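Here are my notes, as promised. Have the model open while you go through them.

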Amino acid sequence: MLLVATVGFGAILNAGTGAATIKHVSAEMGQGSSHQLQRVIQGSLAIATTGGGLLALIIVCSFYLGDDFFFKRMGDRHLLHITGLAAGMLAWIEQVDNVFASALRGSEKYGLAAKTEIGARSLQVLALALALRAGAGLTAVYGIILGIALARLGTKYFVTRKVLGVSDVYPRFAHVKELLHFSKWAWIQGLGSTIFNSSDRFVVASLLGATSLAQYAVVTQLAMQIHGLAAAGVSVVFPMISRKRAQNPSFSIARATAKTFLANAALSTSVAVVLLIFGKLILRLWLGAQMPGSAVILLDYLVIAYWLLALNITPYYVLLGLGHIRIIAIWVFIGGAAGLIPMIYGISRFGLIGAGAGKLIYAVATLMLFVPLGQILLREKLTRNIPRA
C-alpha cells in the first residue's frame with residue numbers, strides 16, 4: 001500500500017500532461033488535423049519523460065535519505081528502500097504510459113484503452129497470485145509489477161501509433177509550449193487532488209503505523225469504488241464536448257450536462273446505498289472477525305465523502321471539455337488544503353476516524369465546482385434567448 005500511495009503522487013504530473021493531451025487530441029480530431037496530433041503526442045512525451053524522471057529521483061532520495069524521518073514506524077529499512085526504488089521506477093513508467101492512454105481517450109478509442117488496461121491488470125493479478133503461492137518475496141512481487149507495467153506501456157505505444165496514424169512518436173521539446181498553458185493549471189489541480197488521494201495514507205503510516213495503514217487502505221479501497229465507477233463512465237464527456245466545441249463553437253452543453261448529471265447521480269447514489277447497507281458485512285469478510293469497530297465508522301464517513309466527490313465529476317469533466325481548467329484547479333487545490341490540516345489533527349486525536357472526517361471536508365469544498373458550471377449554463381441560456389435583429 002505504501003508503494004501504491006507513493007506512485008499515486010505521480011497523479012500531480014498525470015493531471016497536467018493527461019488533461020492537456022486529451023484536450024488537444026480531441027480538439028485536433030474535431031478539426032481533422034493528423035499533423036497536429038503528432039505534435040501534441042511528442043510534446044506530451046517530452047513533459048512526461050522529464051517530469052517522470054525528476055519524480056523518480058525525488059521518490060528514491062526520500063526513501064533512502066528520509067526513512068528515519070518519514071517512515072520510522074514502518075519497520076524493516078531494507079524492504080523500505082526496495083519499496084522506494086520500485087516506486088520511483090514505476091512512477092516514471094506510469095508518466096509515459098499516461099500519455100498514450102490519454103491520447104487514446106482523447107480520440108475516444110475507449111475500447112482499445114480499456115482492453116489494454118484490463119489485460120495488463122488481469123495478467124498482473126494472475127502472476128502475483130502464482131508468485132505468492134510459490135512463496136515469492138517482496139522483491140519478486142515488485143519485479144512482476146514493473147515487468148507488466150513495461151509490457152503495458154509497449155502495447156499502448158504500438159496501439160497509439162496504429163490507431164491515430166502517427167509515425168514519429170518520441171519526445172520533442174519544440175512542441176511543449178502549446179501544451180503548457182493547459183497543463184500548468186491541471187498540475188495545480190493535480191496537487192490539490194493528490195493531497196488527499198495519497199497524502200492521507202502517508203499521514204496514517206507516519207502517525208499510526210503499518211497495521212492502521214492496512215486497515216485504512218482496505219476501507220478506502222471499498223469506498224472509493226463509488227467515485228471510481230462514476231468517473232470511468234462520465235470521463236467520456238470531456239473529449240466529446242471538446243471535440244464538438246472544436247467542430248461547432250455554438251454547440252450547446254446544457255442537455256449533455258443534464259443527462260450526465262442525472263446518470264452520474266443515479267449510479268453513484270446506488271453504489272453508496274449498497275455500501276451503507278452491506279459495507280459492514282463486506283469488511284467482516286475481508287478483514288475477518290478481528291475487524292476493529294473504528295473501520296465500520298470510518299466506512300460511513302468515506303462512503304458519504306466519495307459520494308459527494310462522485311457528484312462533482314459532472315462539473316469537473318464538463319468544465320474540462322470547455323477548457324476552464326483554471327477554475328477547476330483553484331477549487332480543487334483549496335479543497336485539498338482545507339481538508340489536510342483537519343485530517344492531520346483528526347488522525348492524531350481520533351485515529352482513523354479523523355482521516356474520514358478530513359476526506360469529508362475535502363469533498364464538501366469541491367462541491368463549489370457547480371457554481372462556475374451553473375454560471376456558464378445560465379449565460380448560454382441568456383445568449384440563446386436574445387432575439388436576433
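1. Ground rules. This is a predicted model, where local features need pLDDT of at least 70, side-chain atom pairs count only at pLDDT 80 or more, and totals for chains, interfaces and linings use all residues. Residues are numbered from 1 along each chain as its sequence is written, and side-chain values use heavy atoms, with hydrogens and water left out.

2. The overall picture. The protein chain has 18 helices and 0 strands; these are DSSP runs numbered from the N terminus, with helices being H or I of at least four residues and strands E of at least two. Of the 389 residues in the chain, 50% are buried. Here buried means under 20% relative accessible area, exposed over 50%, and partly exposed in between, with a 1.4 Å probe and protein chains only. Take the contacts between residues at least 6 apart in sequence: 84% of them join residues at least 24 apart. A contact means heavy atoms within 4.5 Å.

3. α9 against α16. Helix α9 (residues 199–208) packs on helix α16 (residues 325–350) at an angle of about 30 degrees, and the axes are 10 Å apart. That makes the two roughly parallel. On the terms: axes are lines fitted to C-alpha atoms, for helices over the stretch in contact, and angles run from 0 to 180 degrees between N-to-C directions. Angles under 35 degrees count as roughly parallel, over 145 as roughly antiparallel, 65 to 115 as roughly perpendicular, and the rest as oblique. From α9, the contact uses Ser199, Asp200, Val203, Val204, Leu207 and Leu208, and from α16 it uses Met343, Ile344, Ile347 and Ser348. By class, that is 7 nonpolar, 2 polar and 1 charged. The classes are: Ala, Val, Leu, Ile, Met, Phe, Trp, Tyr, Cys and Pro nonpolar, Asp, Glu, Lys and Arg charged, and the others, Gly among them, polar.

4. α11 against α15. Helix α11 (residues 225–234) and helix α15 (residues 313–322) also meet at about 30 degrees, with axes 10 Å apart, so they are roughly parallel. Their crossing is right-handed. His227, Ala230, Ala231 and Val234 of α11 touch Ile313, Thr314 and Tyr317 of α15. This contact has 5 nonpolar, 2 polar and no charged residues.

5. α10 against α17. What angle do these two make? Helix α10 (residues 210–223) and helix α17 (residues 352–366) cross at roughly 40 degrees, and their axes come within 11 Å. That makes the pair oblique, and α10 passes α17 in a right-handed crossing. The residues involved are Ser212, Gln215 and Tyr216 of α10 with Leu352, Ala355 and Lys359 of α17: 3 nonpolar, 2 polar and 1 charged.

6. Aromatic pairs. The whole structure holds 4 of them. Rings of Phe, Tyr and Trp (its six-membered ring) pair if their centres lie within 6.5 Å; planes under 30 degrees apart count as stacked, over 60 as edge-to-face, and the rest as tilted. Phe261 and Phe370 are edge-to-face, at 5.9 Å centre to centre and 90 degrees between the planes. Phe261 sits in helix α13 (residues 254–287) and Phe370 in helix α18 (residues 370–385), so this pair ties together parts 109 residues apart in sequence. Phe261 is partly exposed at 30% relative accessibility, and Phe370 is partly exposed at 30% too. The Tyr316 and Tyr317 rings, with centres 5.0 Å apart and planes at 70 degrees, are edge-to-face; Tyr317 is buried at 15%. Ring pairs also link Phe100, Tyr157 and Phe158 into a cluster.

7. Ile93. Is Ile93 buried or exposed? Ile93 is buried, with a relative accessible area of 11%, and lies in helix α5 (residues 77–106). Leaving aside neighbours within four places in sequence, Ile93 contacts Leu146, Ala149, Leu150 and Leu153. Leu153 is 60 residues from Ile93 in sequence, yet their C-alpha atoms are 7.4 Å apart.

8. Gln36. This residue lies in helix α3 (residues 34–65) and is partly exposed at 24%.

Definitions and conventions:
Left-handed = near helix turned anticlockwise from the far one by under 90°.
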